[in-house]
Amino acid sequence: MTVRILQNPWRLLLAINAAIIAGVFIHKIQLPPYVPYIHLLVDYHFGFIKRALIGAIVALFTNKVPVWLVFALGGVTWLATLGLYAKLFQKTFGFNAKTLPLFVFTAGSPFFLKNFMHTLGHFDIYGCALAIVLLLMPAGSLLFVATAALFSIILVLIHHIHLLMYVPTIITIVVIRHYLTHGYNRTNIAFGSVALAAVSALFFAAQFLGTMPIPEADFVGYLKSRMADPSRTDLLQFAYIWYQPLAKEVADTWGRLPHNILGVPVFALLIWLHTPLWRYLANLIGALASEMHRRLMVAALIGISLAYLVMFAMVFDYSRWISNWAVCMFLILHAVKMLPAKHDAALIPAEDRKTSIFGLVLTLIPRVGIIRPF
């Protein structure tokens, strides 16, 4: 095994990534899980409210929520996402010496699994996992469109910001795998339009009607009644987010902008280090057999990016948003590969020295962060 790793440096980079992920996990479990923990406490006890689905599901199984459940649920979700992505990569590209650089630039990216480990317990990863399921399941019938709609509804109930974060990517996957691949007619277009309208209506309901209807002190008291250790009041400091209107969120974001904007050059550098991957995505799109498909893919990438730009203006968790944007690009890469092509696009070169250096640097970066870089 050691000889095989040394003969192929990309195998070594995968091994380093695995070690770094283990280190990030050890570091993560030493930190207080503020926001992820309170999301496990909030349910629909007082009626329909935003960000309550996961807590409502937890409430079906236990009345008292221990802190370790954050890491248990987050860890299981992370492992499931890893397994799903490995299966997707195997389906799309296969695992061999030629595809290893591509796997390192995606699965080993600090934007992807390593950052999901750092944000363990947050809701971002659910959008990624469900999008991967849609890339794996059969897409020939309206059941696929219905499943995508159901997944989108689940994500909006988990957190309404998913409408901007992963729903655009899910829509793109549905368009690629169902409408462009299997054709479109009046029935499936009408079905998709109704599904999109339903998801959008749910988002507006969660955003503008999902505020907690009781005084904050009573709400905190209810949360304490669900805590396994009610003395950990420090874990309830973010209860105000169930009362905060959109205008306040936007004002907070713009108030932090002068400081948070300093991270943009770092994000730009991290994106630039993925140049071999972006070049491969561009080559995949350029190799598509249909001019219409090429134009639609460019439009989809722009649309997904614009949704993230809106998120940047609304909520200040910039490191998470840029990381999830990159993950969406990785997933779209797989979707594009499923479309008919006039020729095969050249894979990321395994022997290129500059590419190897970029891969090494990305491997050594343990994560991107939550708000500011690193």
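Me: How many residues does helix α16 have, and how far does α16 reach?
Reply: Helix α16 (residues 275-286) has 12 residues and reaches 16 Å from first C-alpha to last. That is close to the 16 Å expected at 1.5 Å a residue (1.5 Å times one less than the number of residues). This is a predicted model, where local features need pLDDT of at least 70 and side-chain atom pairs count only at pLDDT 80 or more, while totals for chains, interfaces and linings use all residues. Residues are numbered from 1 along each chain as its sequence is written, and side-chain values use heavy atoms, leaving out hydrogens and water.

Me: Which residues of α16 are buried?
Reply: Pro-276, Leu-277, Trp-278, Tyr-280, Leu-281, Leu-284 and Ile-285 (buried is under 20% relative accessible area, exposed over 50%, partly exposed in between, with a 1.4 Å probe and protein chains only).

Me: And what do they pack against?
Reply: The buried residues of α16 pack against α6 (100-106), α15 (264-273), α17 (291-314), α18 and α19 (353-364). Here contact means heavy atoms within 4.5 Å.

Me: Switching topic: how many helices and strands are there?
Reply: The protein chain has 19 helices and 0 strands. These are DSSP runs numbered from the N terminus: H or I of at least four residues for helices, E of at least two for strands.

Me: What share of the chain is buried?
Reply: Of its 374 residues, 52% count as buried.

Me: And what box do the C-alpha atoms fill?
Reply: Roughly 60 × 55 × 40 Å, along the principal axes.

Me: Which contacts do residues 24 or more positions apart account for?
Reply: They make up 82% of the chain's contacts with a separation of 6 or more.
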